[in-house]
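Biologist: I have a model open and a few questions about it. Can we go through them one by one?

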Amino acid sequence: MDRREDTIAALATAPGEGGVAIVRISGDKAREILSRAFLPAQKRKITPRRLTYGSLISETGEVLDEVMAVFLPAPHTYTRQDVAEIHCHGGRAAVESTLSRVCALGARPAEPGEFTLRAFLGGRIDLSQAEGVMSVISAGGQAARRAGMRQLTGGVTRQIARLRDQLTALLAQIEAADD
């Protein structure tokens with residue numbers, strides 16, 4: 001199986017202690033993994049795109065953490081794949097138990113940048129926008145953040161397309177004059 005078709009999981013929030021951490025799962029098994037790891041408090045089905053309160057449970061039914069979860073069906077996600085998120089407590093042990101449970105159910109740990117790679121491969125963003133993601137993440141000030149956002153929202157791509165169109169028009173004029 002192509003690794004790009006694996007279901008992947010990773011911490012989507014900054015590492016370290018905090019009130020909440022988000023573990024993101026992307027791939028064909030995201031829904032199945034969520035349904036096996038998450039028990040909604042109201043014992044009803046998870047409604048797509050709706051945050052639901054419940055418990056992260058072990059294989060034996062032990063409650064590992066009190067969490068919120070959401071399922072986001074493809075193609076309207078960052079990766080253009082099915083995505084699930086588990087919003088757990090932000091301590092190291094809670095995050096580790098969440099990631100361990102998700103991986104035990106069939107996900108593998110995502111490589112750095114792999115969610116953005118999948119967004120690129122899925123046609124959601126182009127290469128310039130993928131670079132813009134990193135620019136926004138690493139921005140140390142507001143000017144750098146704004147520049148990264150211009151790139152992320154397609155500003156560079158639109159500029160290149162405009163220049164390409166101008167060059168194409170010039171080439172057409174040159175060919176017409178040559179004839």
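Predicted model: local features only at pLDDT ≥ 70, side-chain atom pairs only at ≥ 80, totals over all residues.

Biologist: Is Tyr78 buried, partly exposed or exposed?

Modeller: Tyr78 sits in the loop between strand 5 (63–72) and strand 6 (83–89). Its relative accessible area is 28%. Buried means under 20% and exposed means over 50%. The value falls in between, so Tyr78 is partly exposed.

Biologist: Which residue's side chain does the side chain of Tyr78 join in a polar contact of 2.8 Å?

Modeller: Leaving out residues up to four places away in sequence, Tyr78 touches Phe115, Thr116, Ala119, Arg124, Ile125 and Val133. Ile125 is 47 residues from Tyr78 in sequence, yet the C-alpha atoms are 8.9 Å apart. The side-chain polar contact of 2.8 Å goes to Thr116.

Biologist: Which element supplies the largest share of the largest nonpolar core?

Modeller: That core has 19 residues, and Ile33 is among those touching the most other members. Strand 2 (20–26), helix 1 (30–37), strand 5, strand 6 and helix 2 (92–104) each supply at least two residues. The largest share is four residues, and it comes from helix 1.

Biologist: Which helix gives the most to the nonpolar surface patch?

Modeller: The patch consists of Leu117, Phe120, Leu121 and Leu127, with about 350 Å² of accessible area together. Leu117 is partly exposed, at 39% relative accessibility. In soluble globular proteins, nonpolar side chains tend to be buried together. The main contributor to this patch, with three residues, is helix 3 (residues 114–121).

Terms used:
Residues numbered from 1 in each chain as written. Heavy atoms only, no water. Buried < 20%, exposed > 50% of the residue type's maximum accessible area, 1.4 Å probe, protein only. Contact = heavy atoms within 4.5 Å. Polar contact = N/O pair within 3.5 Å; in protein donor to acceptor, adjacent residues only side chain to side chain. Core = buried A, V, L, I, M, F, W, Y, C linked by side-chain atoms within 4.5 Å. Patch = residues over 30% accessible without salt bridge, like charges linked within 9 Å, V, L, I, M, F, W, Y side chains within 5 Å. Areas by Shrake-Rupley, 256 points an atom, 1.4 Å probe, with all protein chains shown as cover. Salt bridge = Lys/Arg side-chain N within 4 Å of Asp/Glu carboxyl O.
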